[in-house]
Amino acid sequence: MNVAKSGYRVFSANSSVACTELAKKITERLGVELGKSVVFQESNRETRVDVKESVRGQTIFIIQTIPRDVNTAIMELLVMAYALKTSCAKNIIGVIPYFPYSKQCKMRKRGSIVCKLLASMLAKAGLTHIITMDLHQKEIQGFFSFPVDNLRASPFLIQYIQEEIPDYRNAIIVAKSPAAAKRAQSYAERLRLGLAVIHGEAQCSESDMADGRHSPPCVRNTTGHTGLELPSGKQQAPFPGIELPIMMAKEKPPITVVGDVGGRIAIIVDDIIDDVGDFVAAAEILKERGAYKIYIMATHGLLSADAPRLIEESAIDEVVVTNTVPHEVQKLQCPKIKTVDVSMILAEAIRRIHNGESMAYLFRNITVDD
């Protein structure tokens with residue numbers, strides 16, 4: 001394809017060579033060259049971007065994979081988007097396979113919804129559209145003032161299960177928490193397999209922290225709300241006729257597995273695998289219940305800190321993730337980690353958006369809960 005006449009360019013906003021591998025695979029599938037630009041860090045860690053070719057009046061796709069240095073990657077994307085905007089690009093579309101800060105999409109205590117802040121920053125920098133994959137919560141799309149295409153990796157992971165796991169018909173799909181049950185059910189229905197759910201984790205789950213600001217504070221041993229305590233220690237009289245009910249504390253039940261995993265292959269599915277402690281604990285429980293092989297399937301393999309070592313020493317047989325996040329170093333540390341390439345669907349999304357074609361084909365057989 002003649003890049004000069006194609007009407008669009010594809011750039012990579014990463015300064016790290018390891019993070020440009022996905023961009024190279026996408027451009028190879030599209031038959032175009034990667035746009036000429038330089039992204040680097042000054043000696044004082046400021047991000048600088050130099051676009052080396054004209055982009056006036058063209059549609060630009062910026063591919064940005066997110067390495068461990070998340071904040072630097074975000075600044076690289078923002079600075080490049082703004083540089084292209086001031087260079088009179090017609091449309092600037094961000095291809096962000098793993099959207100950072102997606103776990104911070106709910107109000108927790110006196111924190112903030114950082115994901116909403118990032119969405120506003122991207123719009124201000126000049127982005128007009130985003131292509132991403134498996135957002136942590138689908139409601140995140142509502143944070144943006146422009147279109148968001150949230151692609152799915154499940155067809156690729158399901159294909160891996162069917163082709164690479166021997167005797168997968170003897171497998172059972174496992175949700176490591178009740179919150180992940182809908183996603184697991186979607187996999188189970190498409191593979192025609194059974195479903196199991198692990199319930200009663202000892203650790204504090206995300207849902208426990210997402211219910212506003214944890215106010216009012218814990219109630220003391222009283223029969224009702226008799227007044228408001230002031231900083232001086234005195235109590236202010238309650239409003240006339242109002243008596244609030246006692247706030248009952250949550251208490252998790254003992255860990256149980258709902259479903260029979262004995263003599264089966266257990267496949268745990270999730271969207272992100274970062275801190276692997278939950279997955280390691282789930283694998284131990286499944287082993288105790290009789291599962292003879294344990295696989296982990298996730299879209300985004302962040303695999304931070306000691307994740308490779310913990311996986312290698314655990315009862316997990318294999319961890320399968322896509323290449324939305326670079327993890328070559330982790331694969332060298334742990335041979336149990338396998339990669340599924342999703343550059344095909346990202347390249348097809350770019351082609352369809354540029355040609356004005358429908359994106360419905362990329363979402364065929366995808367359920368709402370997936």
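Arg9 counts as buried, since its relative accessibility comes out at 10%, and the cut-off for buried is under 20%. Keep in mind that this is a predicted model. Arg9 sits in strand β1, which covers residues 8-12.

His327 is another buried residue, with a relative accessible area of 2%. You'll find His327 in the loop that runs between β15 (318-322) and α8 (328-333). The His327 side chain has a polar contact with the side chain of Thr339, at 2.8 Å.

| Side-chain pair | Polar contact |
|---|---|
| His327 and Thr339 | 2.8 Å |

Now for some helix packing. Two packed helices are described by the angle between their axes and the distance between the axes. For helix α1 (residues 21-30) and helix α9 (residues 343-355), the angle is about 55 degrees and the axes are 9 Å apart. That angle makes α1 oblique to α9. The α1 and α9 crossing is right-handed.

Which residues meet where α1 packs on α9? From α1 come Leu22, Lys25, Ile26, Arg29 and Leu30, and they meet Ser343, Met344, Leu346, Ala347, Ile350 and Arg351 of α9. Sorted by class, that contact has seven nonpolar, one polar and three charged residues.

Note on methods:
Residues are numbered from 1 along each chain as its sequence is written. This is a predicted model: local features need pLDDT of at least 70, side-chain atom pairs count only at pLDDT 80 or more; totals for chains, interfaces and linings use all residues. Side-chain values use heavy atoms; hydrogens and water are left out. Axes are lines fitted to C-alpha atoms, for helices over the stretch in contact, and angles run from 0 to 180 degrees between N-to-C directions. Helices (H or I, at least four residues) and strands (E, at least two) are DSSP runs, numbered from the N terminus. Angles under 35 degrees count as roughly parallel, over 145 as roughly antiparallel, 65 to 115 as roughly perpendicular and the rest as oblique. A crossing is left-handed if the near helix is turned anticlockwise from the far one by less than a right angle, and right-handed if clockwise. Contact means heavy atoms within 4.5 Å. Ala, Val, Leu, Ile, Met, Phe, Trp, Tyr, Cys and Pro count as nonpolar, Asp, Glu, Lys and Arg as charged, and the others, Gly among them, as polar. Buried means under 20% relative accessible area, exposed over 50%, partly exposed in between (1.4 Å probe, protein chains only). A polar contact is a pair of N or O atoms within 3.5 Å; within protein, one must be able to donate a hydrogen and the other to accept it, and residues adjacent in sequence count only if both atoms are side-chain atoms.
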